[in-house]
Amino acid sequence: MVYRRFLCIKDAVACINDKVDLIAVILNFSLPQTTRGTDYVCKLKIIDESHPEIPVHVFAQEIDHLPFVAAVGDIIHLSRVVMRIHEGDVYAIFNKKFSSFALYDGKDVENFQPYQVLLRYEARKHDAMIIAGLRKWLASSHVIDEPNFSLLEEINEVGLVNLVCKVLHICKTTDDKWMAFIWDGTDAPPISIYKKPEDEEHNPLPLHFKPLPSSGHVLHTFPTVGTILRLIFDVECMPYILQLLKVCQWFKFFCVECKLHEGLWYGVFTSYSKIRDIPNVDILILERQSNYDCRSLGNLDRMPSWSCPWPSKITEVNCSAPFATLMDVLTCQKVRKKFRCVIRFVAVIPWRVEDFRSPDGVYRVKFTLEDPTARIHVYSYAEDGEKFFNGLSTGGLKRKLKELLGVPKSDDDGQEEIEGGARNPPWVQCCLKSHSIKRRRWIFDTKLVG
């Protein structure tokens, strides 16, 4: 087997079964996978000025010996890879016994130190000149064509999406899968609910797709404006993923599956998904961070973006507190605190209005509220319940409760319900008071408008 020192890709594709050295731009790369044996493999696509892309199959006995590519457009120096051909397609094989590699930043014009090397790698004097030439060519070409990235507020259906999000926390779920909490500062759209209100007592809506972090300290580090998406990792190569992911850093996520569970959005990272590091000065990060900074400082901006221009007038509040989100409520560390929120009433226990009062005539009703940041349980109790239900008759309260819960109607008079129809509760104002020690929240200074 002939060993040919540095070649451009155009010349290398003619050297079938020879060992070659290549320096090229990474156009794409896959997550590591296990082979049928005990090895790991990842696949790259590389390109240079001389030739269209070619695949590279990298094999290693340990996952740490695979290239950890920080971003598409980075440069790789491959040493002693073997050129092969299969059914007319030429590709390079990285042999775990004698091949080596080095990874370089594709944009940093001054740094010629690799950010990852395999132990066998040996740098050469003229490598820097070749890398500089590739960086210049890359900057003036359009070979790196990234797809569009969506904001969480732009998700409108179940399917694949590309996201730029900050990783807030990483943990394992109760079913032993890894999950990341990711966020971009925007409000994911509200979802219609198909569960009947009367089923809540025996089959309640979940508060979360997966539980919040058990540590209160972690929860208190979360931003209180914007949806926090649970991202489940359904892949084999978690050690590789965990080395890439860093809490409090932004990443690009490609081909994430967005799904729904009981009216809650969540994401799934599959073997077809990809993850990329992203520099803090990237315009995509700066735009998202700037939008969040404006929302977190303003009063009206803390309202759900989907409640604009103003919440429904089904309720009235007598509270001058600034607007807050349900995540503000959850993370509040004061023993007693009052909030004014814009939320949706998505469930109630009991369902029958006739059962709202205890045998001694005291209101005791549990509601489930949601906004883009969280779902929580709150109570309408005693005198605060008297004020909330506003002396409505049994018939009037039944009609108002259905309106509050978004029960669909088939005519303008609201006399006939659509059986099995989707519920779309309106956004309404509601004042809440919390007690952090008792971990309970109550509705107060709020009334239903008849």
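Phe323 counts as buried because its relative accessibility is 4%; buried means under 20% relative accessible area, exposed over 50%, and partly exposed in between, with a 1.4 Å probe and protein chains only. This is a predicted model, where local features need pLDDT of at least 70 and side-chain atom pairs count only at pLDDT 80 or more, while totals for chains, interfaces and linings use all residues. Residues are numbered from 1 along each chain as its sequence is written, and side-chain values use heavy atoms, leaving out hydrogens and water.

Back to Phe323. It lies in strand E17, residues 323-324; strands are DSSP runs of E with at least two residues, helices are runs of H or I with at least four, and both are numbered from the N terminus. What does Phe323 touch, leaving aside residues up to four places away in sequence? Its partners are Asn299, Leu300, Arg302, Met303, Trp310, Arg340, Val342 and Gln429, a contact being heavy atoms within 4.5 Å. Phe29 is 294 residues from Phe323 in sequence, and 45 Å from it in space, C-alpha to C-alpha.

Now the whole chain. The protein chain has eight helices and 23 strands. Its radius of gyration is 28 Å, well over the 22 Å that the globule rule gives for 450 residues, so the chain is more spread out than a compact globule. That radius is taken over C-alpha atoms, and the rule is 2.2 Å times the number of residues to the power 0.38. The C-alpha trace spans about 95 × 40 × 40 Å along its principal axes. Of the 450 residues, 50% are buried.
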